[in-house]
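Reader: I have a model open in my viewer and I'd like to learn how to read it feature by feature. Could you walk me through it?

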Amino acid sequence: MSKLNTTAAQTYRYELVHDDDDADFVAYQRRREDGFWQTFATWMIPRTVCN
């Protein structure tokens, strides 16, 4: 019986980016063949003011 490899290389990630202004962002990134991360899409999460 062969041993299973449970540590797969991470090929994508979601990153939460905090902005000091009025919004935060989520970035969807994929690992390129050279090992660097490339952002493919971003989503803005607006902050609301509660009174």
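Reader: Let's start with the rings. Which residues do ring pairs link into a cluster?

Author: Tyr 12, Tyr 14, Tyr 28 and Trp 43 are the residues that ring pairs link into a cluster. Before we go on, the ground rules: this is a predicted model, where local features need pLDDT of at least 70 and side-chain atom pairs count only at pLDDT 80 or more, while totals for chains, interfaces and linings use all residues. Residues are numbered from 1 along each chain as its sequence is written, and side-chain values use heavy atoms, with hydrogens and water left out.

Reader: How many aromatic pairs does the structure hold, and how do I read one?

Author: A pair of aromatic rings is described by the distance of the centres and the angle of the planes. Here the rings of Phe, Tyr and Trp (its six-membered ring) pair if their centres lie within 6.5 Å; planes under 30 degrees apart count as stacked, over 60 as edge-to-face and the rest as tilted. The structure holds 4 aromatic pairs. Take Tyr 12 and Tyr 14: their ring centres are 6.5 Å apart and their planes stand at 85°, so this pair is edge-to-face. Tyr 14 also pairs with Trp 43, and that pair is tilted, with 6.4 Å centre to centre and 35° between the planes.

Reader: Where in the chain do Tyr 14 and Trp 43 sit?

Author: Tyr 14 is in strand β1 and Trp 43 in strand β3 (residues 37-46), so to speak of the pair is to speak of distant parts of the chain, 29 residues apart. Strands are DSSP runs of E with at least two residues, helices are runs of H or I with at least four, and both are numbered from the N terminus. Tyr 12 belongs to strand β1 too, which covers residues 12-18.

Reader: What is the overall pattern along the sequence?

Author: The pattern reads β-β-β, with 0 helices and 3 strands.

Reader: Which residues form a nonpolar patch on the surface?

Author: A patch takes residues with over 30% relative accessible area and no salt bridge; nonpolar side chains (Val, Leu, Ile, Met, Phe, Trp, Tyr) are joined within 5 Å, like charges within 9 Å. The areas themselves come from the Shrake-Rupley method with a 1.4 Å probe, and for residues only the protein chains shown count as cover. Here Tyr 12, Tyr 14 and Trp 43 form the patch, with about 390 Å² of accessible area together.

Reader: Switching to charges, how many salt bridges does a search of the whole structure find?

Author: A salt bridge puts a side-chain nitrogen of Lys or Arg within 4 Å of a carboxyl oxygen of Asp or Glu. The search finds 1: the side chains of Asp 34 and Arg 32 meet at 2.7 Å, N to O. Asp 34 is partly exposed, at 48%, and Arg 32 is partly exposed as well, at 37%. You'll find Arg 32 in the loop between β2 and β3. In space, Arg 32 is 8.1 Å from Thr 11, C-alpha to C-alpha, although they are 21 residues apart in sequence.

Reader: Which ring does the charged end of Arg 30 sit over?

Author: For that label, NZ of Lys or CZ of Arg must be within 6 Å of the ring centre and within 35 degrees of the ring normal. Arg 30 has its charged end over the ring of Phe 40, 4.5 Å from the centre.

Reader: Last one: what polar contacts does the side chain of Gln 29 make?

Author: A polar contact is a pair of N or O atoms within 3.5 Å; within protein, one must be able to donate a hydrogen and the other to accept it, and residues adjacent in sequence count only if both atoms are side-chain atoms. The side chain of Gln 29 contacts the side chain of Arg 13 at 2.6 Å and that of Thr 39 at 3.1 Å. Gln 29 is in strand β2 (residues 23-31) and is buried, at 7%. Thr 39 lies in strand β3 and is partly exposed, at 40%.

Key
Buried means under 20% relative accessible area, exposed over 50%, partly exposed in between (1.4 Å probe, protein chains only).
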